[in-house]
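Grab a pencil and work through these exercises. Try each task before you read its solution.

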Amino acid sequence: PVASRIYAYPNIAAYESIRFMDSKRPSLVGQLNDLDSLTKPDKNKSYYYPLASIIAFTDVAKSLVFDSGKIEIIKNQMLKRVQEIGIDQEIYKNSVSFGETIAKEILSWASKDGYNIRTALPGFNVSDDIARWRPTPPDYMDAIDPHWNTIRPFVLDSVNQFDPGPPTAFDIDQESQFFKEAIEVYQTVINIDAEQLEIAKFWNCNPNVSQTNGHAMFFNQQISPGGHWIHITAQVLEEKKLEQIEAAAVMTQVSIAIADSFISAWDQKYKSNLIRPETYINKYIDPDWSPLLQTPAFPEHTSAHSVSSTAAASLLTRFFGENYTFIDSTEVPFGLPERSFNSFLQASQEASISRLYGGIHYR
């Protein structure tokens, strides 16, 4: 969830700084919740809007990420390329100033979305109800961000707008639908084939896989579910060689959809607070069973990866068509091979079923 928020705000700042290259491009002011106004360029000054966009994006990003130094390095590299164009210094100065102004206004808007106060809200109490979520191996971590549904959405009218409803009713009777769904997870992992295993690993996208060495625990940093789709989007934008303003518009809408999808999914997760397959299977089917993937530290229903993947894929389909073939290289830096897809929705469906293959979600 945190990563999805980080992608949205810098991209919004980037778009709002570059959209003036085309007078027909609408502002997001009045379209995004509580974004009521943003400064416009001075008609008496000249600007290079791609430069303003770089400044706005990187200034917002630096305030949201944990390692702002890396953003600063990227920013300086891009500014050097702009200077090598031979840009007029007055235009350069105006553009930097405008980008900084947009960044400050976007950050001011972001500061009021509830992110900074969510940790002051009451902690999450693990229920004694056998149907409810409880911490899972290997680290038995506390539930992550139980109050993410209090974050202000970007375009949803509320977290309830697309509530998927409750999960299959919990039951331990072996003839029940819930038990059958748990058995499916259990048997899928036991009988996993090579293709299913590759799919499970490719879409794992757990940004904090924990590893224990003696008494020390450390995290193996990977990409997040939202980050995977941001990378896919970036790949397509490069392949299509879209103009900067169009690329900014696409990236911004995809990042907004991903961010809202996490707010929505997180709401139902903690409403239903459903037990994970690992806990259920260990207690009622096989105490020695374990999933292929590490179970994330939050309730089961729904799969946020499925929600965010389908949201992103739906937008990309709208922009680039139903049969856009592409090669996804997102996981190559993490030692996994590329995968090919005939459409964005095919990729999102594979991302969804990967959670069953990995043993961390019921169908």
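A crossing is left-handed if the near helix is turned anticlockwise from the far one by less than a right angle, and right-handed if clockwise. The model here is a predicted one, where local features need pLDDT of at least 70, side-chain atom pairs count only at pLDDT 80 or more, and totals for chains, interfaces and linings use all residues. Residues are numbered from 1 along each chain as its sequence is written, and side-chain values use heavy atoms, with hydrogens and water left out.

**Exercise 1.** Work out how α7 and α8 pack and which residues meet.

Step 1: Find the helices, which are DSSP runs of H or I with at least four residues, numbered from the N terminus. Helix α7 covers residues 225–240 and helix α8 covers residues 244–272.

Step 2: Get the geometry. Two packed helices are described by the angle between their axes and the distance between the axes. Here the angle is about 165 degrees and the axes are 10 Å apart. (Axes are lines fitted to C-alpha atoms over the stretch in contact, and angles run from 0 to 180 degrees between N-to-C directions.)

Step 3: Name the arrangement. Under 35 degrees is roughly parallel, over 145 roughly antiparallel, 65 to 115 roughly perpendicular, and the rest oblique. So α7 is roughly antiparallel to α8, and their crossing is right-handed.

Step 4: List the contacts, meaning heavy atoms within 4.5 Å. On the α7 side you'll find P225, G226, W229, I230, T233, A234 and L237; they meet A247, V250, M251, V254, S255, I258 and F262 in α8. These residues split into 11 nonpolar, three polar and no charged.

**Exercise 2.** Is S176 buried or exposed?

Step 1: Locate S176: the loop between α4 and α5 (177–190).

Step 2: Its relative accessible area is 10%, so S176 is buried (buried is under 20%, exposed over 50%, partly exposed in between, with a 1.4 Å probe and protein chains only).

Step 3: Check its surroundings. A polar atom of the S176 side chain lies 3.2 Å from the backbone nitrogen of F179.

Definitions and conventions:
Helix = DSSP H or I, 4+ residues; strand = E, 2+ residues; numbered from the N terminus. Polar contact = N/O pair within 3.5 Å; in protein donor to acceptor, adjacent residues only side chain to side chain. Nonpolar A, V, L, I, M, F, W, Y, C, P; charged D, E, K, R; others polar.
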